[in-house]
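This report goes through selected features of a two-chain model. Please have the sequence and the coordinates open while reading.

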Amino acid sequence: MLLSVTLTLLEGLGATLKLFALTLLFALPLGLVIALGAMSRLTPLRWFVSMVVWVVRGTPLMIQILIIFYGPGLLFDLPLLPRFGAALLSFVINYACYFSEIYRGGIQSIPRGQYEAGEVLGMTRSQIFFKVTLLQVIKRIVPPMGNEFITLVKDTALVRVISVYEIIWMGESYIKKGMIWPLFYTAVFYLVVNGILTLLFRWAEKKLDYFR
Amino acid sequence: MPVLEVKNIEKHFGATRVLEDISFNLEKGQALAIIGSSGSGKTTLLRCLNFLETPDRGQILVNGETLFDAADPATQREAEVRRKRLHFGLVFQSFNLFPQYTALQNVTLAKELLAKEQPDYKARKKEIHAAIEAEGRELLARMGLADRANHYPHQLSGGQQQRVAIARALALHPDILCFDEPTSALDPELTGEVLKVIRSLAEQKTTMIIVTHEMAFARDVADQIIFMDGGVIVEQGPAHDVIERPKQERTRQFLARYAQER
């Protein structure tokens, strides 16, 4: 029994981790683009981006998943997106907006003197970004990013609203058979994944601890 | 020919005029001190010279070449400004060292980046880096920091950090080295070591502009002094004369007030 439950949960974990990894793959760079938009010198662009971020962060991810999956068909008579694709798209948009705010905070916390010191030393804008500020920004965003990563692992369970099967769905299926322990077992899977993430982030913080 | 000619610089922040008709020359090998109370425009003037602010009017010439002309936008293109600002070095009040680099790396970083633009960089890579590092170490040694080359800024005292910053500015061999209140952020017991370094630079005939509140230091180290008040140059002349026998009433008042506070 234990083996069969383990295999079932591992299957669900696969879906969970796939969504987790693909969301990061797309949302991390997209978040940077959004952050740059939110800091742009073009006022209309800045407003537009801030508006989008406000809406995305201000509404539940569950609603966003439902709208992205059902919206195109009901509103425009378009074919539905594949379930997993719709789930991934919602997560990427949602998390990119959260990441963008973290990036923005990190970038804006770098003192102006760092840029000016680079400028008077004849560095180009991109040299200042990559050689002077980037590592300082990374150091500052590691702790809040750690939080987001862990939240993301747990948020993946939301995709059940459009019937994408992930680990909790699998664990819950045993309730019908009168078994509660697979649900505790499911929680252990989460703890292990988030434990690994916590260790990774602690390691990264430590790596960056050599400067202030 | 003067190494630096500043002509009729004017700068506004919004409706506030912070610099008005600033003109002066600086000869090679001379040290110029700029004194005046806070808000008199001294720092803004330095920032204009280093292209951190754009004057609304006037010209800046180095070695007879017009680096900046407010009336000629062609002199303000970003790509060229980058090259032109290398005529100037700037030491900031708050040091602004790069925290993730060691003292030595702070000194060599900009030079290494510039070296990559040399056409023969790829062929002579090792040689170039070795030369840059050797020079960086030598500069740190001149600052009395030979044994601090591998320390990170947060492991150094304020005085040491400021000396690293001076080495960093010197590494690019600017024609004119500017100091923006280099000791104002330091504890009193640490100002001496920084002033000593600047003094030795003056003895080696480094062309310098020093914005400072240290009157005795300005008098002893500078060749010329400019006293600014309210965005204008009130008085300029040989350092001893301005401090000991000021001609203008406003200069006298400033120096008297300053002597009282001490």
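## Basis

The model is predicted. Local features are reported where pLDDT is at least 70.

## Contact between chains A and B

Chain A puts 18 residues into the contact and chain B puts in 19 residues. On the side of chain A that touches chain B, H5 and H6 each supply at least two residues. H5(A) gives the most to that side, with six residues. By type, the residues on the side of chain A divide into eight nonpolar, six polar and four charged.

## Helices H5 and H6 of chain A

Two packed helices are described by the angle between their axes and the distance between the axes. For helix H5 (residues 112–120) and helix H6 (residues 125–155) of chain A, the angle is about 130 degrees and the axes are 10 Å apart. H5(A) is therefore oblique to H6(A). The crossing of H5(A) past H6(A) is right-handed.

Which residues in H5(A) meet H6(A)? They are Gln114(A), Tyr115(A), Gly118(A) and Glu119(A), and on the side of H6(A) they meet Gln127(A), Ile128(A), Val132(A) and Thr133(A).

In chain B, four strands form an open sheet with antiparallel pairing, in the order E2-E1-E4-E5. Strand E2 (16–26) and strand E5 (65–69) of chain B are the edge strands, each pairing on one side only. From one strand to the next, the twist averages 20 degrees. Strand E4 (residues 57–62) of chain B runs antiparallel to E5(B), and four bridges join the two. Within this pair, Leu61(B) has Thr66(B) in E5(B) as its bridge partner. H1(B) packs on the sheet, where it touches strand E1 (4–13), E2 and E4 of chain B, and its direction makes about 65 degrees with that of E2(B).

Helix H1 (residues 42–49) of chain B is largely enclosed by the rest of the structure, because seven of its eight residues are buried. The buried residues of H1(B) are Lys42(B), Thr43(B), Thr44(B), Leu45(B), Leu46(B), Cys48(B) and Leu49(B). After H1(B) comes Phe51(B), which has a positive phi near 60 degrees.

Is strand E9 (residues 224–229) of chain B mostly covered or mostly open, and how many of its residues are buried? E9(B) is mostly covered, with six of its six residues buried. In a regular strand the side chains alternate between the two faces of the sheet. In E9(B), one side carries Gln224(B), Ile226(B) and Met228(B), the other carries Ile225(B), Phe227(B) and Asp229(B), and all are buried, which leaves both faces covered.

Strands of a sheet pair through backbone hydrogen bonds, either parallel or antiparallel. Strand E3 (residues 31–35) of chain B pairs with E9(B) in the parallel sense over four bridges, and Leu32(B) stands opposite Gln224(B) in E9(B). With strand E10 (residues 232–238) of chain B, E9(B) runs antiparallel and is joined by six bridges. The bridge partner of Ile226(B) in E10(B) is Gln236(B). E9(B) and E10(B) form a hairpin with two residues between the strands, and Gly230(B) in this hairpin takes a positive phi near 60 degrees.

How values were computed. Residues are numbered from 1 along each chain as its sequence is written. Chains are lettered from A and ligands numbered from 1 in the order in which they are written. This is a predicted model: local features need pLDDT of at least 70, side-chain atom pairs count only at pLDDT 80 or more; totals for chains, interfaces and linings use all residues. Axes are lines fitted to C-alpha atoms, for helices over the stretch in contact, and angles run from 0 to 180 degrees between N-to-C directions. Angles under 35 degrees count as roughly parallel, over 145 as roughly antiparallel, 65 to 115 as roughly perpendicular and the rest as oblique. A crossing is left-handed if the near helix is turned anticlockwise from the far one by less than a right angle, and right-handed if clockwise. Two residues are in contact if their C-beta atoms, placed from the backbone, lie within 7 Å. A residue is buried if 20 or more other C-beta atoms lie within 10 Å of its own, exposed if 12 or fewer, and partly exposed in between; C-beta atoms are placed from the backbone. Two strands pair if DSSP finds at least two bridges between them. Ala, Val, Leu, Ile, Met, Phe, Trp, Tyr, Cys and Pro count as nonpolar, Asp, Glu, Lys and Arg as charged, and the others, Gly among them, as polar.
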